[in-house]
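Subject: Structure for you to look at

Hello,

Here is the structure I said I would pass on. Please open it next to this email and follow along.

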Amino acid sequence: MGVWACRGGVAPPWTGRGDPAPTLVFGVTRDIMKGMKFIADNMLGRLATWLRLLGYDTLYMPRAEDAELARIARAEDRILLTRDVELTRRRGLRFVLIESEMIEGQLQQLARDLRLTAQLAFSRCAVCNIVLEEAGGEQVRERVPPYVFQTQNQFRRCPRCGRVYWRGTHWARMVAQIQDALEP
Ligand SMILES: [Zn+2]
C-alpha cells in the first residue's frame, strides 16, 4: 500500500469516477488511516474538539510555536491539520491543509479526504483527549440534567475531569452531516 498524494500527485484509491480533486494530503497511507492521530494548529480548536468527540486522538496546543507543532507531529506520527500554507512547507510532515473556516466544512473535508468516520464517536473526552469509561447510575445522576438522566441509557465518563457524555440531538445532527459527507 503506497503513499498517495493529491493535486498533481497520485489520487487516493477511493476517488475516481470524475470526483473533484481533494485537497493536499501528503504521505497518508490507508493503513495509517485506521489509527489516525492528529495535531491541530492554533486556528483549529473547534475542529480538534470535534475530532475528539469522534474518537480521534487529537492534540491541540494553542500556544505552541510552529516548530514545536511540526516536531510533535513527526515524533508522534500525527497528521498536522492547519490552515497555514507556510506550516505545511516544513520537512517530513503528513498534513491536511484545511480549506473552510466553518466547522461543518472542515469535518466534511476530512470525511472526504481521510475517510473520517463516526464509528468511535463518544469514546474520548473532548477536553482531555483521553479515552472515556462506561458509567451509569449515581456516577452520572449529579452531573446531567434530570431529563437526560431519565431518557438516555448510555453514558460515558472521563476518568480525568469527570465530564459525562451522552448522545444529544446536536450530536446526532453532526453525525448525520459526516455521514452525508462520506456518502453524498
Ligand atoms: Zn476529560
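The average pLDDT over the chain is 79, and 79% of the residues score at least 70. Strand β2 (residues 57-60) has the highest confidence, at 97, while helix α1 (residues 30-34) has the lowest, at a mean of 46. Over residues 1-33 the pLDDT stays under 50, and the model has 47 contacts beyond four places in sequence for that stretch. Where pLDDT is low, the predicted coordinates should not be read in detail.

Next, the sheets. Strands of a sheet pair through backbone hydrogen bonds, either parallel or antiparallel. This chain gives an example of each kind.

The parallel example is an open sheet of four strands, in the order β2-β1-β3-β4. Its edge strands are β2 and β4 (95-97), each of which pairs on one side only. On average, neighbouring strands here are turned by 25° against each other, direction ignored. Helix α3 (residues 66-75) packs on this sheet and touches β1, β2 and β3; the direction of α3 makes about 180° with that of β1. Inside the sheet, strands β1 (residues 37-40) and β3 (residues 79-82) run parallel and are joined by three bridges. Ala 40 has Leu 81, in β3, as its bridge partner.

The antiparallel example is an open sheet of three strands, ordered β5-β6-β7. Here β5 (133-135) and β7 (164-165) are the edge strands, each pairing on one side only. Three bridges link β5 to strand β6 (residues 155-157) in the antiparallel sense. In β6, Phe 155 is the bridge partner of Ala 135.

Then there is the interior. In soluble globular proteins, nonpolar side chains tend to be buried together. Which residues touch the most other members of the largest nonpolar core? Out of its 27 residues, they are Phe 38, Ala 40, Leu 47, Leu 51, Leu 80, Leu 81 and Val 96. Two or more residues come from each of β1, α2 (45-53), α3, β3, β4 and α5 (103-114). Helix α2 provides the largest share, five residues. Leu 51 is in contact with Phe 38, Tyr 56 and Thr 58, leaving aside its neighbours within four places in sequence. Another core, of six residues, lies apart from the largest one and includes Leu 132, Phe 155, Cys 158 and Tyr 165.

Regards

Conventions. Residues are numbered from 1 along each chain as its sequence is written. This is a predicted model: local features need pLDDT of at least 70, side-chain atom pairs count only at pLDDT 80 or more; totals for chains, interfaces and linings use all residues. pLDDT is the predictor's confidence in each residue, from 0 to 100. Two residues are in contact if their C-beta atoms, placed from the backbone, lie within 7 Å. Two strands pair if DSSP finds at least two bridges between them. Axes are lines fitted to C-alpha atoms, for helices over the stretch in contact, and angles run from 0 to 180 degrees between N-to-C directions. A nonpolar core is a set of buried Ala, Val, Leu, Ile, Met, Phe, Trp, Tyr and Cys residues joined through C-beta atoms within 7 Å. A residue is buried if 20 or more other C-beta atoms lie within 10 Å of its own, exposed if 12 or fewer, and partly exposed in between; C-beta atoms are placed from the backbone.
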